[in-house]
Amino acid sequence: MLRILLSVICWAGITTITFSQAQKQMVVTVDDLPYITNKEDTLQHIYINENIVRHLVDYKVPAIGFVNESKLFVNGRLSDPEVKNIDLWASNGLELGNHTFSHFDYNQLTTQEFFDEIKRGERITKSILTNYGQRMQYFRHPFLHRGDTREKVDSLASYLKDNGYTEAPVTIDNSEYIFASAYRKADQAGDDDMKEKVAKSYLTYMVEKTRYYESISGKMFERNIPQILLIHDNLLNADYLPKLLDLFKAEGYEFISLTQALKDKAYQSEDKYVGKGGITWLHRWAITQKRPPEFYQGEPKCPEFVQEYVGISE
Ligand SMILES: [Zn+2]
């Protein structure tokens, strides 16, 4: 790993004082494969996955995609193009994880219903991974909901562990979905100016958001920790992922796998948060540590014009 080392030689003896600042690292995680919206538009789903996978490969990003297997079915039958969309990730050496069958909200389900959703959501992805010598290791909670009672949190954590899953945390959460909705709306309206305006503001926002979470984690750990970014399998990222990755690189980031990131001891931090919120792991740790409200100050917001264009409030 690259390190910036500042060394001071002490002439009085042979002591060397070394301050080391870890290289900035980021995991790119992409949720809701093989698509989020425009259910009928298979050609667009193919476009999205082909482009996102190509960009990830071109930039050598060891990303992971989280699958909702319900979207692999059309009218109750397995859809060949949708399965191919998932296969494309694994055949290009990218990882795949379980994001439940139909993206139901754990806050709305019983523990057993949610376990059934996990079980039902792993069948096809597991067999695809096996074909490429990989195995399913990771689980991503829909809406980042880990459980709204202590019992639900603990039961799910035990179920995942017993079934060979590791939970995939998120440190850089964001309102990318609002930008993506606006971008899609502009695309459908054939409004290229608006598409570009939304995309530019998305890129600026994502850098600001990353700096924000970097400062929060810096305050918490007094060093850079590997960040885990959450984005989605959508048209906006199909078109703008290279620009986004260039910006992250300009911020000093290198891209690593989820497995590598989770080796950092920051991810063993205690998380006592129980509630309905879909919040980042940084927030969970901060709440557990009883940090004051000022700790979270300065979170960047999605610009008003984007929210107004699609009628979605942050
Ligand atoms: Zn999701």
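## A tour around helix α10

Start by selecting α10: the cover over its buried residues includes α7. (Helices here are DSSP runs of H or I with at least four residues, numbered from the N terminus; a buried residue has 20 or more other C-beta atoms within 10 Å of its own, with C-beta atoms placed from the backbone.) You are looking at a predicted model, where local features need pLDDT of at least 70, side-chain atom pairs count only at pLDDT 80 or more, and totals for chains, interfaces and linings use all residues. Numbering runs from 1 along each chain as its sequence is written.

Now colour W281, L282, H283, R284, W285 and A286, the buried residues of α10. Because six of its eight residues are buried, α10 is largely enclosed by the rest of the structure.

(Axes are lines fitted to C-alpha atoms over the stretch in contact, and angles run from 0 to 180 degrees between N-to-C directions.) Show Y213, I216, S217 and M220 on α7, then L282, W285 and A286 on α10, to see the residues that make the contact. Contact means C-beta atoms, placed from the backbone, within 7 Å.

Step past the end of α10 to K290, which has a positive phi, near 55 degrees.

For a last stop, pick A182. Beyond its neighbours within four places in sequence, A182 contacts V198, V306, Y309 and V310.

Technical notes: Contact = placed C-beta atoms within 7 Å. Helix = DSSP H or I, 4+ residues; strand = E, 2+ residues; numbered from the N terminus. Buried ≥ 20, exposed ≤ 12 C-beta atoms within 10 Å, placed from the backbone.
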